[in-house]
Amino acid sequence: MASKNDLLKFVEQNDVKFIRLQFADIFGNMKNIAITDQQLERALEEGVMFDASAIAGFSEVEQSDMMLLPDPATFQLMPWRPQHGKVARFICDIKNYDGSQFPGDPRYILKRSEAKAKQLGYTFNIGPECEFFLFHTDAEGRPTNKTHDAAGYCDLAPSDLGENCRREICMVLEDMGFEIEASHHENAAGQHEIDFKYSDVMTAADRIMTFKMVVKIVAQRNGLHATFMPKPIYNSYGSGMHINMSLSQNGKNLFNAGENSMDISEVAKMFGAGILQHAKGITAVANPLVNSYKRFVPGFEAPVHIAWSHMNRSLLMRIPAPKGEATRIELRSPDPSCNPYLTLALLLEAGLDGLQKNLVIPAPVDINTYNLAPDREKELGIQRLPSNLLFALEEMKKDPYIKDVLGEHIFTKYISAKEAEWASYNSIVHSWEIDRYLSAY
C-alpha cells in the first residue's frame with residue numbers, strides 16, 4: 001500500500017488534477033464526490049464531508065454530516081479521461097462526523113466479515129463472472145431495448161457486433177490493473193461476459209464495482225448502453241454474476257481434496273452446506289430487484305433449486321473442473337445488480353457458519369433439474385429459491401444470521417426500501433394484464 005507522501009508525489013509528478021472519491025450505497029449504486037489535487041492531502045488526513053441524508057438508506061437530515069475516508073490501496077488512474085490534467089479515484093470508507101464507524105457502510109460490513117475469517121486463519125478468494133447486455137441508444141442517447149446484435153454463445157464477428165466494444169473494455173480494465181482471463185459473447189442476443197482473475201474478497205468486491213463503471217462508460221463512448229439488469233428481454237437468457245469461491249490458509253486451497261481427486265474437501269463441503277442452508281435468506285440481497293426473479297425460469301441457465309453437484313449447471317451450486325489447487329465452488333444465483341460487498345459478506349459468513357457447526361452437505365444431485373416434476377422434486381427433498389422479491393424478503397427476515405451479518409441499520413433500511421419497491425410494482429397495472437384481460441372480461 002502506498003504511503004500518503006508517495007500518493008501526493010505521484011499525483012504531482014503525473015499531472016493528476018482531479019480525484020474522484022467513490023463509495024457504494026446499501027443497494028450497490030456507486031456514488032462519488034470530486035476534489036482537486038490541492039485538496040488531496042487534507043482528504044487523506046481528515047476525510048471529506050458529505051450530506052449522507054441525500055443518499056438512500058444512509059441517514060436522516062438531522063444526522064446528515066458524514067466523512068469519506070479514501071482507501072490508499074484503491075488509488076487508480078482513470079485511463080479514459082484526459083491525459084493532460086489526469087483524473088484518478090479512490091474507493092472510500094464512510095465514518096460518522098465524530099470519527100466513529102458508520103454502520104450503514106457496505107464496505108465496512110465486508111471488512112468486518114473478512115476480519116472474522118482472517119482471525120480463523122482463512123483467506124476468502126473470489127472469481128466473479130459478470131454478464132451484461134449492450135443495447136442501442138436512440139437519437140437523444142437514451143437506452144432502447146434493441147440489442148446490439150443477434151449473435152449467440154461464443155460467436156464472433158461479423159455476427160458479434162460487440163466485439164470491438166468488449167475488447168476496449170478489456171483493455172481499459174487491464175490498464176486499471178485487472179487480469180482478464182476470458183471474454184466472449186454470451187447466449188442471448190447482445191449479451192456479453194468478461195471474467196477477471198480471482199482475488200481476495202475485498203479486492204474482488206472493489207473490482208466488481210469498478211468493472212460495472214468501466215463497462216457502462218466504454219459502452220457509452222461507443223454509442224451503446226450497457227445494462228446489468230438481470231432480465232431485460234422476455235423469453236431469453238438473463239444476466240448472472242456467477243461467483244467462484246475458495247478458502248485458503250497459508251497459501252493452500254482448503255477446498256482441494258488432492259490432485260487426483262474428483263471431489264472437494266470436507267472443508268469445502270461444510271462451507272458449501274452453510275451457503276445452502278442460508279441460501280433463501282441471502283437471495284433478497286444477491287438478487288435485489290423485482291426483475292431479478294424473472295431470471296429464475298427453468299431452461300435459461302439460471303438455478304431454481306437449492307442443491308449442488310459436480311459440473312451440473314442446472315443447480316444453485318456446482319463444482320467446476322479442473323480440480324487440484326484450482327478447486328472452487330461456483331454459486332450461480334447472484335446477479336450483477338446486487339451490492340457485491342453485502343452479498344460476499346453474507347456468503348463468507350454463511351460458509352464460516354457451516355464450518356463452525358460442522359454442517360453436513362446434502363447428497364449431490366446429478367440430474368438436469370430445469371424440468372424436474374414436482375413429485376420427483378419432493379422425492380429428492382429439494383427446495384426452491386424464492387420465486388419473487390416479496391418471498392425473498394420474508395426468508396431474509398426469518399433467518400437471524402442475515403441480520404447478524406448486515407447489522408441493524410442496513411438490515412432495517414434494506415428491507416423497508418425493498419418492501420416499498422415490491423408494493424410499487426405490485427400496484428401497477430402492467431401491459432401483460434391489459435393484453436390478457438381487457439377484452440376477455
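User: Which residue caps the N-terminal end of H3?

Analyst: Asp105 does: one of its side-chain oxygens lies 3.1 Å from the backbone nitrogen of Arg107. Helices (H or I, at least four residues) and strands (E, at least two) are DSSP runs, numbered from the N terminus. This is a predicted model, in which local features need pLDDT of at least 70 and side-chain atom pairs count only at pLDDT 80 or more, while totals for chains, interfaces and linings use all residues. Residues are numbered from 1 along each chain as its sequence is written, and side-chain values use heavy atoms, leaving out hydrogens and water.

User: How many residues does H3 have, and how far does it reach?

Analyst: The expected span of a helix is 1.5 Å times one less than its number of residues. H3 covers residues 106-119, which is 14 residues, and its first and last C-alpha atoms are 20 Å apart, close to the 20 Å expected. After the helix comes Gly121, with a positive phi near 90 degrees.

User: Which residues of H3 are buried?

Analyst: An α-helix has 3.6 residues a turn, so residues three or four places apart point the same way. In H3, the buried residues (under 20% relative accessible area; exposed is over 50%, partly exposed in between, with a 1.4 Å probe and protein chains only) are Pro106, Arg107, Ile109, Leu110, Ser113, Glu114 and Ala117. They sit on the same side of H3 because they cover an arc of only 160 degrees around the axis, taken from the directions from the helix axis to the C-beta atoms. Lys118 and Gln119, on the other side, are exposed.

User: What do the buried residues of H3 pack against?

Analyst: Contact means heavy atoms within 4.5 Å. The partners are strands E1 (16-24), E6 (86-96) and E11 (199-200), along with helices H5 (201-221), H7 (340-356) and H10 (400-427).

User: Which side chain does the side chain of Asn125 make a polar contact with?

Analyst: That of Ser248, at 3.2 Å. Asn125 lies in strand E7 (residues 123-137), and it counts as buried because its relative accessibility is 11%. Leaving out residues up to four places away in sequence, Asn125 also touches Tyr198, Ser199, Asp200, Asn244, Met245 and Ser246.

User: Where does Glu377 lie, and what does it touch?

Analyst: Glu377 lies in helix H8 (residues 374-380). It is buried because its relative accessible area is 12%. Beyond four places in sequence, Glu377 touches His305, Leu372, Ile382 and Arg384. With Arg384 there is a polar contact between side chains, at 3.0 Å.

Technical notes
Polar contact = N/O pair within 3.5 Å; in protein donor to acceptor, adjacent residues only side chain to side chain.
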